[in-house]
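Colleague: I would like to learn how to read a model of this kind, going from the overall fold down to single side chains. Could you take me through it step by step?

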Amino acid sequence: MGRPETGGIVMAQYRKIRSRIRGVQSTAKITQAMKMVAAAKLRRAQDAIIAARPYGQKLREVLGHLADSMESAISPFLEQREVHRVCLIVVAADRGLCGPFNSNILRAALSRIKKEYAELDKTGNLELVLVGKRAVDFFAKGKHKVAANYPGIFNDLDFGIAQRIVGEVQDKFLEGKYDRVELIYNSFRSVIRQELIVQQFLPVEPIEAEAEEKTAAGYNVEYIFEPSAVELLNALLPKHLNTQLWNALLDSNAAEQGARMTAMDNATRNAKDLAKELKLEYNKARQAAITTEILEIVSGANALKGG
């Protein structure tokens, strides 16, 4: 009487494994599709980075000429102050499923706060500007002072977003509400590698010209600036800040898509490996079920003979 029960258990196990195989195969199809979508978005993100480079490079070149033409560049954007009030611009993603991309950024921001600005954070003199839904959601649970939130911007990334963010932080810097602004984001290096960047955003660090553009006596060409070099410097530095943040957003977007491609590729391979293991287990369970049925038939036949 025990064998039919055993056969029922084996068959139930057999059906359970078959259901798991279907589930794992379905997951593999989804992760493979997500990888392909991320690859398409990464190509567009890389194209945007390449398109933005010439303007940024030329702007840095002009600023280098201006700085070189003045013995001391006088601009409020360059003013170095004693640090009493700080703003951190933290750039994360709007979505997950991109490996450690978001957690690396958030850990870096927390580490920066703890190691460098713990006292300012306690006294409310540290403010955060959060870019990306994951950063907004994460810091919403904490006690840190948040100056501005920008969730959901990467679905339709626009230069106007960079201008808005820069406009807010530069105004507060010029008003003396911030003594330093730092930018934390992931920079795209390759599909499998993102580099965590923590850089000073304000005051603007000295901009030096590329070595090949200068001779021993300075620039090959001397320029006459109209209006004055100082006026041009003050007019171009906000544009430089806009470009710098825009490039960081583009870089972060590309890094996110690269991280998602890698994560989905790993998930797809793991799902396929698990499906193979389950198929082996399925075949064993099937063989056990067939063996059990044969034993039941033989036992029944022997019982009839014995009767």
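Modeller: Let us start with the contacts, keeping in mind that this is a predicted model. Among contacts in the chain between residues at least 6 apart in sequence, 78% join residues at least 24 apart. Of the 307 residues, 39% count as buried, and the chain exposes about 17,600 Å², of which carbon and sulfur atoms supply 53%.

Colleague: How many helices and strands does the chain have, and in which order do the elements run?

Modeller: The secondary structure comes to six helices and seven strands, and from the N terminus on the order reads α-β-α-α-β-α-β-α-β-β-β-β-α.

Colleague: How should I read the side chains of a strand, and where do those of E1 point?

Modeller: The general idea is that in a regular strand the side chains alternate between the two faces of the sheet. In strand E1, which spans residues 86–91, Val 86, Leu 88 and Val 90 point one way, while Cys 87, Ile 89 and Val 91 point the other way. As for cover, six of the six residues of E1 are buried, so that side chains pointing in either direction are buried here, each of them under the 20% relative accessible area that the term requires.

Colleague: Which strands pair with E1, and in which sense?

Modeller: E1 runs parallel to strand E2 (residues 126–131), to which six bridges join it, and Cys 87 has Glu 127 of E2 as its bridge partner. E1 also pairs with E4 in the parallel sense, over five bridges, and in that pairing Ile 89 stands opposite Leu 183.

Colleague: What else does E4 pair with?

Modeller: Strand E4 (residues 180–190) pairs with strand E5 (residues 193–202) in the antiparallel sense, over nine bridges, and a hairpin through two residues joins E4 to E5.

Colleague: Are Phe 159 and Trp 246 buried or partly exposed?

Modeller: Phe 159 counts as partly exposed because its relative accessibility is 28%, while Trp 246 counts as buried at 15%.

Colleague: Which charged residue sits over a ring?

Modeller: The charged end of Arg 81 sits over the ring of Phe 173, 4.0 Å from the centre of that ring.

Colleague: Finally, which residues is His 240 in contact with, beyond its neighbours within four places in sequence?

Modeller: His 240 is placed in helix H6 and is buried, with a relative accessible area of 8%. Leaving aside those neighbours, His 240 is in contact with Leu 59, Arg 60, Leu 63, Val 204 and Ile 207.

Key: Residues numbered from 1 in each chain as written. Predicted model: local features only at pLDDT ≥ 70, side-chain atom pairs only at ≥ 80, totals over all residues. Heavy atoms only, no water. Pairing = 2+ DSSP bridges. Helix = DSSP H or I, 4+ residues; strand = E, 2+ residues; numbered from the N terminus. Buried < 20%, exposed > 50% of the residue type's maximum accessible area, 1.4 Å probe, protein only. Contact = heavy atoms within 4.5 Å. Areas by Shrake-Rupley, 256 points an atom, 1.4 Å probe, with all protein chains shown as cover. Lys NZ or Arg CZ within 6 Å of the ring centre and 35° of its normal.
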